[in-house]
Amino acid sequence: MKKYRIRYETRLLEAREGVEVVAASGKGQAMFAVQAKLHPTARTDEPYFHYEPLAIRPLETPDTYEVSYRTKIEKAVSGDVEVAAEDADKAVAKARFAVHQELIPPKCFRAVEIVELGEGA
């Protein structure tokens, strides 16, 4: 098998938990206010898939809430990975699986450069 170095660009989901204090007219609006801070590109009128409010607690100040949450934030990542494969197409597939170890890797993985290093062991 030949050895390849794949330079890639992709997006990974980073888990994050925290607490935010927001001004809102109710618990539902407080949940969406925190969601809008964490995921500014998501729709503000419906729940975002990765965002999970754990607790919404009213504070003593009127119309102020403390929201505990758990979410996943998408982050751009790039790097290199070396794989052994029969050809360049299979090398890209192996590189995608090395970076995204999910059963069905996301389509955001992009091979920027494929370099054949020679025969592997």
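**View 1. Pairing of strands E1 and E4 in the predicted model.** In this predicted model, strand E1, residues 2-23, is joined to E4 by eight bridges in the antiparallel sense.

**View 2. The open four-stranded sheet.** The strand order is E2-E3-E1-E4, and the pairing is antiparallel. Strands E2 (52-58) and E4 (110-119) are the edge strands; each has a single partner strand, so one side of each has no neighbour in the sheet. From one strand to the next, the twist averages 20°. Strands of a sheet pair through backbone hydrogen bonds, in either a parallel or an antiparallel arrangement.

**View 3. Helices H1 and H2 on the sheet.** Helix H1 (residues 27-38) packs on the sheet and touches E1, E2 and strand E3 (64-85). The direction of H1 makes about 30° with that of E3. Helix H2 (residues 88-99) lies across E1, E3 and E4 and runs at about 150° to E3.

**View 4. Helix H1 and its buried residues.** H1 consists of 12 residues and reaches 17 Å from its first C-alpha to its last, close to the 16 Å expected at 1.5 Å a residue. Its buried residues are Ala30, Met31, Phe32, Val34, Gln35 and Leu38. These buried residues pack against E1, E2 and E3.

**View 5. The largest nonpolar core.** This core has 12 residues: Val22, Ala24, Ala30, Met31, Phe32, Val34, Leu38, Tyr51, Tyr65, Val67, Tyr69 and Ile73. H1 and E3 each supply at least two residues of the core, and H1 gives the most, with five. Nonpolar side chains tend to be buried together in soluble globular proteins.

View 6. Ile73 is one of the residues of the largest nonpolar core. With neighbours within four places in sequence left aside, Ile73 is in contact with Leu12, Leu13, Glu14, Arg16, Leu38 and His39. A second, separate core has 11 residues, including Ala91, Val92, Ala95 and Val99.

**View 7. Confidence along the chain.** The average pLDDT of the chain is 90, and 98% of the residues score at least 70. Among the elements of the chain, E2 has the highest mean pLDDT (95) and E4 the lowest (89). E2 and E4 are also the strands that stand at the edges of the sheet.

Note on methods
Residues numbered from 1 in each chain as written. Predicted model: local features only at pLDDT ≥ 70, side-chain atom pairs only at ≥ 80, totals over all residues. Heavy atoms only, no water. Pairing = 2+ DSSP bridges. Axes fitted to C-alpha atoms, helices over the stretch in contact; angles between N-to-C directions. Contact = heavy atoms within 4.5 Å. Core = buried A, V, L, I, M, F, W, Y, C linked by side-chain atoms within 4.5 Å. Buried < 20%, exposed > 50% of the residue type's maximum accessible area, 1.4 Å probe, protein only. pLDDT = per-residue confidence, 0-100. Expected span 1.5 Å × (residues − 1).
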